[in-house]
Amino acid sequence: MTRLLRLLRLLAPRYQATSVLQLSPAVLRAWGIDALMVDLDNTLVPWGDGVPPAAVREWIDGLRRSGIRLCIVSNNLSARVQQVASQLGVPAAQGRFKPSAGKLRHALRLLGSPPERTAMVGDQLFTDVLAGNRLGVPTVLTGPLAPHEPRRIRMLRGLERWLLAWLARQGSVPERPRV
């Protein structure tokens with residue numbers, strides 16, 4: 001059971017937020033974060049959309065003004081990733097699929113940021129949080145930006161909720177800090 005618990009703890013986020021929009025420069029600085037690797041679908045844009053909402057654009061502008069760097073890290077291989085990155089004026093990392101840490105290593109190089117001061121932010125445990133924890137960077141689990149998403153993701157949401165509750169009972173998911 002100890003080995004299984006150790007493996008499952010790789011799915012435990014260090015921080016939680018309802019939305020990326022809650023991750024203000026002040027909150028990130030308090031957590032010791034100077035740069036973000038951020039998932040695309042349902043974290044920065046509604047699933048499958050190619051245009052970031054105005055609130056996300058404003059959030060990124062606020063981060064930029066505060067000196068916090070950002071890089072998109074997505075499993076989506078379409079040109080849409082580069083299109084959104086271009087619209088937001090941020091780089092997008094290339095590489096293997098999350099939860100492989102290879103794409104995150106590329107993002108760290110693009111950001112020029114040390115792992116301990118760079119967080120992986122996303123809405124899924126089995127890709128975003130797992131990838132970040134495998135690399136040893138702080139992880140932030142956010143809620144999905146919009147309710148629309150593929151069936152396979154919706155099916156995983158129940159398992160994620162159960163697993164988070166179980167990890168919390170084991171003391172592996174901090175109740176705080178949460179924004």
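Helix H6 (125-135) and helix H7 (151-169) each contribute at least two residues to the lining of the largest pocket. This is a predicted model.

**The largest pocket**
- The volume of the largest pocket is about 220 Å³.
- Its lining comprises 13 residues, and those nearest the centre are Trp47, Asn75, Asn76, Gln124 and Arg152.
- H7 gives the most to this lining, namely three residues.
- By type, the lining residues are three nonpolar, five polar and five charged.

**Salt bridges**
- Side chains of opposite charge can pair when their charged atoms come close.
- The model has four salt bridges.
- Asp34 forms a salt bridge with Arg29, at 2.7 Å from N to O, and another with Arg117, at 2.4 Å from N to O.
- Asp34 counts as buried because its relative accessibility is 17%, under the 20% limit.
- Arg29, at 36%, and Arg117, at 32%, count as partly exposed.
- A salt bridge also joins Asp41 and Arg80, with the closest N and O atoms 2.8 Å apart.
- Asp41 lies in the loop between E2 and helix H3 (54-65) and Arg80 in helix H4, so this pair ties together parts 39 residues apart in sequence.
- Asp41 is buried at 5% relative accessible area, and Arg80 is buried at 12%.
- Shared partners join Arg29, Asp34 and Arg117 into one network of salt bridges.

**Val84**
- Val84 belongs to helix H4 (residues 79-88) and is buried, with 0% relative accessibility.
- Beyond its neighbours within four places in sequence, Val84 contacts Leu40, Val45, Asp49, Gly50, Pro52 and Ile72.

Key: Residues are numbered from 1 along each chain as its sequence is written. This is a predicted model: local features need pLDDT of at least 70, side-chain atom pairs count only at pLDDT 80 or more; totals for chains, interfaces and linings use all residues. Side-chain values use heavy atoms; hydrogens and water are left out. Helices (H or I, at least four residues) and strands (E, at least two) are DSSP runs, numbered from the N terminus. Buried means under 20% relative accessible area, exposed over 50%, partly exposed in between (1.4 Å probe, protein chains only). Contact means heavy atoms within 4.5 Å. On a 1 Å grid over the protein atoms alone, a cavity is a set of points where a 1.4 Å probe fits but cannot get out, and a pocket is an open set with protein on both sides within 12 Å along at least five of seven lines; lining residues have an atom within 4 Å of a point. Grid points are joined across faces, edges and corners, and a volume is the space filled by probe spheres set on the points. Ala, Val, Leu, Ile, Met, Phe, Trp, Tyr, Cys and Pro count as nonpolar, Asp, Glu, Lys and Arg as charged, and the others, Gly among them, as polar. A salt bridge is a side-chain nitrogen of Lys or Arg within 4 Å of a carboxyl oxygen of Asp or Glu.
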